[in-house]
Structures are given as structure tokens and as C-alpha cells.
Amino acid sequence: MTDRAAAPVAASEAPRLARRRSADPMQPRTLVLLAFLLPALAFLVLFRLTPIVIAIGGSLFTQNLAGETSFGGLTNFAQLFGDERFWNSLKVTLIFNIIINPLQIAIAFGYALLVMVPGRGITFFRAAFFLPMTLSTGLTAVLWNIMLDSNLGPVNAILEGIGIGRQPFFLSEHQALGTMIAIATWKGCGYWMIFLLAGLYRIPGELYEAARIDGASRWHQLVHITLPQMRRPLAFVFVADTAINFLFFAPVYIITKGGPNGATDLLMFRAYENAFTFINWGRSLALSTIILVIIGVIAAIELRLFRDKEGAEA
Amino acid sequence: MSVDRRSTVLAFGAARYVTMSLIALVLLLPLVWLVVSSLRPPADIFAQGSRLGWGMLIPDRLTLENYTSLIGTGFPRAVGNSLFVALTTMVVGVIINAAAGFAFAVFDFRFKNVIFAFVLAAAMMPFEAIVIPLYILVQSLGLIDTYAALILPDLANGFVIFMFRQFFAGLPRELYEAARVDGASWGHIWLKIALPISWPVVLTGGIMLFMHQFEAFFWPLVAAPSPEHTLVQVAIARNISLEGTEWGRLFSSTTLAGLVALVPFLLFQKFYIRNFVTSGLK
């Protein structure tokens, strides 16, 4: 279709709309330009931008028990801020993120350092470290829910066999969040390892050679060469990981439903439950708006990192 | 090299391999247990699989019963749905994102920078963040519980557009100029010249779009509630919350769903990692 629209004959009757001289063969007619751009852009506007507008707009409307909506201003937010469950959920989400993001990135960095230098069987280890990543978050939750089952799970059989004793894991208020962090870390680190490996291979080899000639120890090289050189890749994966973990949902839905006693009640699950269990859309959209603001802040940090890097390379 | 130094190097190497092996065990054993359990007769699964001993990993008897008995359930339909949704998203998504990436790389137009900044912003916003307002939107379009609800929101992808733009902008401009002078249309240049050269990005972007759909959970959970449109991840998760879960089938279906996601990755991991990771870090 675009073939015909751009035929050279048509180019002469062309558009004042095109910014440059219409005779320029490198400038497409407006129709051609739209044919290239519009499908993707229209979908982005409809399915990315519009939902943000709906979230912010909808969060300002409240519902009464009959299901009638009316403009309520910041009522939804006021109610949220007066609700203990919201504060618990925010607390749980923050604790979850403060622990899981540094933990995952530290382990991923460890993986990357371990498999960086080629050696016998190293391809196997790289693949092994990455493999859990190919299991989706939902399937990871299904698998570990069975593995950690208090009666039937093999993990508890092992713990009992070696004398530690059975653990409740997801059934305990005190262990549930930690267990959630553990299974997400089991799955997630291999992914970030790949990014960090790419970063490690970009460090100029001369830096290490010079250090070796000076007799610097491995530890010394790690602290004074590797870490400073890896600052940007580490910051990048840290921010990207945080954006993902703020939206952690499937395992909470599948395994704990926010329990026991709110111990794993992450914000995303709160938003889901308000919308689809309590059918309180205004409140759910207020929660979505709060999540979007958090994601926006994370994205702004990410942009800054990108800009810093361009400045440094130019 | 002194004997002293050589022995530290050896000790370091040994410690490295011991550490890697331990990590590999923790990461792989659950997966091995999953696959082995899926091949046990249902009666053996917990009798053997959760009693401490070698029987945990080495089954007495092997059977495909858990796989063959999936045929009568909703699982084949869910796999079909997932494959249909993911493959459609992959093909249509690659086409429209590659076209937009090409326009950003080659054409000059008003507000280009502003529009491209919007694309980048979309690339940075995780899809899951907007699931609930998206539900309201898709509902008002009358599309809840249709394939369209599952496919349409996932077609345009800011990151894939970005990858294509980077690739097309890196090609020499003379390539397009020569074709233009010969009278080729832009559509022809894009389809016959640019797209074939960009096959590594086509593969990478295609796999990204496929995987995102195949592994999605939150959106298909709410957007397609009926059994006819249930996708595979949701189908499996639903099985564990039902009374009297068939554990054998849960293992076999989880194994199958994991394998489907693994295959494209194994086939194309070289391109995937090279393109995806480096465009993320550049």
C-alpha cells in the first residue's frame, strides 16, 4: 500500500505539509510518513497514555454503595491515607524493595564475576545461572509453592532430615515476605547477570594489566578498578530491577493473597483487590496513581543516568 | 611464578568452582525435581518425591501419564490461546514497531524529538503499572474477554521501536539514497532493503514480544476471565487453587509451559543477549 503512495509520480504533486522542499527524494509524503508512524504511535497513545489519564482522572471520582459515581476530589486519597491497610501495604512494599533490589543486584554481580573469566565448563555455569529466568514469575510461584509446602514439599522433608525441622514459610507471618524475596531472587538474578557481564567486558583490559604489574591483589583490583568502572551498569540494573519489583504481583496472587495477616500485602495486590474483589474503582485507581508516581520517579532517575552517561562519553 | 603464588591461584580457582557448583545446585535442583516429578506416576509423587533420599530425584517408575491426561483438560486450549496471542503479537508487533523505528531513523518531521521522547517514556513504563486503568479502557471499548483485549495493548512497544531506530540509524544513508534515486518507494526500501538487513533486531524484538505475552500473568488474568480465552500461565495458576489439585498434571503442565518459553530463547540467545543487553547499556 505504501509502495504506491510513494511512487515518484505522486511525489511531484506533493504536500506543502512536508517540511523540506517536496523535490527532495529523501523526504516522504505525509501519507507515507503516517503509514510508517501511526500504527505504533496510535497504539502507544491509546494503550499507554490513555490509561495514565484514566488512572489520574478516575482516582478523583468516588462510588457510593449503589455503585453510582460522583466527583469526590481527593476523597479516595484521603480515605487511603486514613486506612491502616494502605500504610501496612506501603510499608511491606518498601521493606520488600529495600531488601530485594540490593540483594538481587549483589548476587547478580557475584554471578557475573564468577563466570566472567573463561574456563572449563563455564558455559554450563552461565546457562545454569540464567535458566531460572526462563521460567515465568507465575510458574516460579507455582513451583516454589509446592516445593515449600509444609506437608508435601521436598524442602521441608530435607530440613527435617538434617535436623533443622519443618518451617511454615508462606504460612508464617514472619517468614512469608522473606520467602517471597527468596523465590524472586532465585528466579531473577540470572537476568541482571547478563547485563553486568556485558558491562564487565567493556572495562579496558589495560587497567587490570597495569594493576597487576603494580602487584595489586585481586581484592584491590575489584575495589579500585572493577567497582568504579561498573558504577553505571550497576546503577542501570538497580533502577530497572526496582521498577519491576515495585510491581511484583503474580506470586502474591498465586501463593499468599497478601497474607498471612497482611505480611505480603504489596501495593499492586492491594490495587488488584480493591478493583476486582471490592469493586472500588476509585480507590483502586488512586492506588494505581500512587504506583505510577513511584514508577515516574524511578524513570526520571533512569533518564538522568542515561543523560549522565551520554555527557561522559561525548 | 613462585610456588606460593601458584598455590594461591589454584586455591582461588578451586574456591571459584566450588561456589559456582553450589549455586548451580540451588538453581537447578528445583527444576530437575519439577521435571522428574512430572514423569512419576501420580501415586509416587509425594510418597517418593518428598521423602528425603535419592528417590527425590531418581524415580522408581517413569510414566507419561501426567502428560497424556492433560489432553482431556482445558490445558491444550490454554496453550493454543497463548501461542496464538503471542505469535500474533510477535508478527504484527515487529511490523509496526519496525516501521516506526524506521521513520524515526530515516525521516525528518516536525516534533520528531518530542514524539521520540514519548516513545522512550513508554519504553520505560512497565506494562503492569497500568493494568487496572487499562482494564477500564478496554472494558469501555467492549473488548473484555476477547483475543483483541489480550493482543492489542501489547503490540506497540517503545523499547522495540527504540532498538529498530538505533539499528536503522546506524546503516549508511547512501543505502536509502541510492534506492530512492532509482525510484524505489519508501515502503519498498523498508520491506526489501532495511528489514532484511535488520534480521538480528527482528529476532530480538520478536522474541521480546513473544516472551512478554507468553509469560504475562496480571493482564490476562483480568482481561480474559472465561475458559475459552484463558492463557497458559493463568490456567496453571488456577489449577493450584482448586480443591483436589491434580499434582501430577500441575507438574506436567508447568514443565510444558516452561519449555515453550525456553525454546525460542535457546535457539536465539546469542542475538537476543547481544542486541537487547547492549542497547540497554549504550
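This is a predicted model: local features need pLDDT of at least 70, side-chain atom pairs count only at pLDDT 80 or more; totals for chains, interfaces and linings use all residues.
**Entry 1: the chains.** I began with secondary structure, and found that chain A comes to 15 helices and two strands, while chain B has 14 helices and zero strands. Read from the N terminus, every element of chain B is therefore an α, given that its run is α-α-α-α-α-α-α-α-α-α-α-α-α-α. I then looked up burial, and noted that buried residues make up 42% of the 314 residues in chain A, and that 43% of the 282 residues of chain B count as buried.

**Entry 2: extent and contacts.** The C-alpha trace of chain B spans about 75 × 75 × 35 Å along its principal axes. Among the contacts in chain B with a separation of 6 or more, 77% are between residues 24 or more positions apart; in chain A, 65% of the contacts between residues at least 6 apart in sequence join residues at least 24 apart.

**Entry 3: where the chains touch.** I looked up the contact between the chains, which takes 75 residues from chain A and 76 residues from chain B. On the side of chain A that touches chain B, helix α3 (residues 30-58) gives the most, with 17 residues. By class, that side of chain A has 56 nonpolar, 14 polar and five charged residues.

**Entry 4: the core.** The largest nonpolar core has 159 residues, and those with the most contacts inside it include A:Ala40, A:Met193, A:Phe249, B:Ala100 and B:Phe102. Helix α9 (residues 176-201) of chain A gives the most to this core, with 15 residues. I followed up B:Phe102 and, leaving aside residues up to four places away in sequence, found that B:Phe102 touches A:Phe36 as well as B:Phe164, B:Phe168, B:Trp190 and B:Ala194.

**Entry 5: a helix pair in chain B.** How do α5(B) and α8(B) lie to each other? The axes of helix α5 (residues 112-124) and helix α8 (residues 158-170) of chain B come within 7 Å and cross at roughly 125 degrees, and the two helices are therefore oblique to each other. The contact is made by B:Val119, B:Leu120, B:Ala122 and B:Ala123 of α5(B), together with B:Gly158, B:Phe159, B:Ile161 and B:Phe162 of α8(B). I noted that the residues of this contact divide into seven nonpolar, one polar and no charged.

**Entry 6: positive phi values.** Most residues other than glycine have a negative phi. A:Asn261 counts as exposed because it has 11 C-beta neighbours inside 10 Å. I also looked up B:Phe111, with a phi near 60 degrees, in the loop between α4 (75-106) and α5 of chain B. Is B:Phe111 buried or exposed? With 9 other C-beta atoms within 10 Å, B:Phe111 is exposed.

**Entry 7: a loop residue.** Last, I looked up B:Thr146, whose place is in the loop between α6 (131-140) and α7 (147-151) of chain B. B:Thr146 has 17 C-beta neighbours inside 10 Å and so counts as partly exposed. The C-alpha atoms of B:Thr146 and B:Glu228 are separated by 9.1 Å, although the two residues are 82 residues apart along the chain.

Terms used. Residues are numbered from 1 along each chain as its sequence is written. Chains are lettered from A and ligands numbered from 1 in the order in which they are written. A nonpolar core is a set of buried Ala, Val, Leu, Ile, Met, Phe, Trp, Tyr and Cys residues joined through C-beta atoms within 7 Å. A residue is buried if 20 or more other C-beta atoms lie within 10 Å of its own, exposed if 12 or fewer, and partly exposed in between; C-beta atoms are placed from the backbone. Helices (H or I, at least four residues) and strands (E, at least two) are DSSP runs, numbered from the N terminus. Two residues are in contact if their C-beta atoms, placed from the backbone, lie within 7 Å. Ala, Val, Leu, Ile, Met, Phe, Trp, Tyr, Cys and Pro count as nonpolar, Asp, Glu, Lys and Arg as charged, and the others, Gly among them, as polar. Axes are lines fitted to C-alpha atoms, for helices over the stretch in contact, and angles run from 0 to 180 degrees between N-to-C directions. Angles under 35 degrees count as roughly parallel, over 145 as roughly antiparallel, 65 to 115 as roughly perpendicular and the rest as oblique.
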